Amino acid sequence: MAAGRSVAIRTRRVVLFDMGDTLIHGDRARRLALRFGVRQDEAEAAVQRVDRWFMNRERHIWRHGGGDFALRWAVMVTEILGLAADVYEVAELAQTGDADWRMQPEAEAVLARLTARGYTCGLVSNWSLAGRGIARRLGLDRHCAVMVFSAEVGYEKPAPEIFTHALRLLGAAPHEALYVGDNYWDDVIGARRAGILPVLVDRVGRLPHPGHGDTPLVRDLQGVLAWARPVTPAPELAIAD
Ligand SMILES: [Mg+2]
């Protein structure tokens with residue numbers, strides 16, 4: 001065998017996350033449950049089911065809102081939960097203001113665990129200019145070495161550029177990263193386009209999405225830990241040219 005190049009085989013060392021409904025949630029199910037006296041897990045399942053419907057069938061309106069989206073969403077949730085409620089009130093209650101966002105219960109511990117395992121964490125989010133303030137208020141900047149928001153960089157998932165922008169800031173290659181998100185169309189397809197392995201979070205059985213195929217699937221962020229083992233020192237291999 002001829003003397004060859006020395007090539008470092010590197011393990012994954014970066015975990016990038018989507019923000020909305022992955023690391024944080026809009027607290028809609030709790031508000032609906034409190035106001036209308038339904039169980040929170042039932043409200044959560046209804047919210048997720050209607051979210052999925054829009055995510056899969058009306059992606060543009062799901063992403064950008066507008067029109068009568070809020071009212072249609074409320075009609076569907078009201079119907080599923082069998083609420084004797086004014087749909088306008090349901091729609092209003094489900095509006096998520098910047099101050100309503102909360103961390104997912106397990107997010108902080110998982111981010112800390114990944115950091116302890118040697119991973120660098122980051123955010124890649126489709127969000128308005130309010131995104132950075134929300135992330136800071138919730139303390140995500142303490143865990144994330146980079147926070148990339150679509151409104152700041154001018155690219156929106158599933159465009160690969162928003163992912164490669166984050167990788168460039170971290171000096172990392174696509175194969176060194178995982179991307180964790182809850183939206184098949186933006187997160188899984190986008191990460192794949194950028195050459196990053198996607199992990200899809202499906203908290204209440206929203207799948208199957210058409211074509212999700214062999215995408216790693218986890219029920220919550222704890223599941224990500226199985227895809228991000230402790231980082232070990234990179235072995236050096238000499239390979240022939
Ligand atoms: Mg999301």
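A salt bridge is a side-chain nitrogen of Lys or Arg within 4 Å of a carboxyl oxygen of Asp or Glu. This is a predicted model: local features need pLDDT of at least 70, side-chain atom pairs count only at pLDDT 80 or more, and totals for chains, interfaces and linings use all residues. Residues are numbered from 1 along each chain as its sequence is written, and side-chain values use heavy atoms, without hydrogens and water.

**View 1. Arginine 117 is buried without a salt bridge.** Buried means under 20% relative accessible area (1.4 Å probe, protein chains only). Aspartate 220 is the nearest side chain of opposite charge, 12 Å away. Arg counts as positive, Asp as negative. The side chain of arginine 117 reaches the backbone oxygen of leucine 225 at 2.9 Å.

View 2. Helices (at least four residues) and strands (at least two) are DSSP runs, numbered from the N terminus. Ala107, Val110, Leu111 and Leu114 of H6 are buried. They lie on the same side of H6, because their arc around the axis is only 100°. Their cover includes strands E2 (14-17), E4 (102-103) and E5. Glycine 118 follows H6, with a positive phi near 100°.

**View 3. Asp18 (OD), Gly20 (O) and Asp182 (OD) coordinate the magnesium ion.** Distances run from 2.1 to 2.2 Å. Donors are N, O and S atoms within 2.8 Å of the metal (3.2 Å for Na, K and Ca); water is not among the atoms, so sites may look incomplete. Aspartate 18 is buried, at 6% relative accessible area. Glycine 20 is buried at 15%.

Methods: Buried < 20%, exposed > 50% of the residue type's maximum accessible area, 1.4 Å probe, protein only. Polar contact = N/O pair within 3.5 Å; in protein donor to acceptor, adjacent residues only side chain to side chain. Arc of directions from axis to C-beta. Contact = heavy atoms within 4.5 Å.
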